[in-house]
Amino acid sequence: MNGSLSCNAQNCLYNANGLCGASVIKVRGGNAESSAFTQCDSFAEKGLKNSLANMFNMNIQGEIKQAFTNTSIEMYPKIECDARNCVYNIGNVCSADYIQINGQTALSSTRTECSTFKK
Ligand code: SF4
Ligand code: SF4
């Protein structure tokens with residue numbers, strides 16, 4: 001993906017003011033026919049243990065870039081996705097210019113979804 005991503009899963013360790021601070025995320029969707037059957041598998045609940053365990057996947061450069069540009073989204077994790085029915089899925093990588101991950105009250109990946117899924 002070369003575009004931008006926003007995410008409202010505020011309980012995820014990688015969420016920084018609605019942006020995703022991971023360098024790579026995995027969206028799961030197998031045979032999904034709608035957004036409801038997709039999820040962000042990279043969701044990690046906030047907490048010290050997860051902070052340390054997931055540090056290697058932090059997009060530090062993206063986060064620094066974001067700190068200097070508060071009018072545009074500059075954090076672009078690579079998005080691997082297995083939702084093969086989505087038009088944006090090209091070889092298990094997301095090709096959309098923009099994606100929205102929803103999971104406002106999520107405490108695990110199962111309550112998240114990719115709202116940009118399109119059949
Ligand atoms: S739920 Fe996924 S997209 Fe959202 S911040 Fe966490 S890892 Fe990033
Ligand atoms: S828009 Fe489609 S291909 Fe991209 S992450 Fe969402 S479900 Fe996967």
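Read along the sequence, the protein runs β-β-β-β-β-α-α-β-β-β-β-β. That pattern holds 2 helices and 10 strands. Helices (H or I, at least four residues) and strands (E, at least two) are DSSP runs, numbered from the N terminus. This is a predicted model, where local features need pLDDT of at least 70 and side-chain atom pairs count only at pLDDT 80 or more, while totals for chains, interfaces and linings use all residues. Residues are numbered from 1 along each chain as its sequence is written, chains are lettered from A and ligands numbered from 1 in the order in which they are written, and side-chain values use heavy atoms, with hydrogens and water left out.

Now the fold as a whole. Of the 119 residues, 45% are buried, meaning under 20% relative accessible area with a 1.4 Å probe, protein chains only. Take contacts (heavy atoms within 4.5 Å). Among those between residues at least 6 apart in sequence, 67% join residues at least 24 apart.

Next, one loop residue. Ser35 lies between strand S4 (24-28) and strand S5 (39-40). Is Ser35 buried or exposed? Ser35 counts as buried because its relative accessible area is 15%. Beyond its neighbours within four places in sequence, Ser35 touches Glu113, Cys114, Ser115 and Phe117.

Last, the ligand. Residues around ligand 1 (a heavy atom within 4 Å) include Cys7, Cys12, Cys20 and Cys40. Tyr14, Phe43 and Ile101 are also among them. By class, this shell has 9 nonpolar, 2 polar and no charged residues. Nonpolar means Ala, Val, Leu, Ile, Met, Phe, Trp, Tyr, Cys and Pro; charged means Asp, Glu, Lys and Arg; the others, Gly among them, are polar.

Conventions: Buried means under 20% relative accessible area, exposed over 50%, partly exposed in between (1.4 Å probe, protein chains only).
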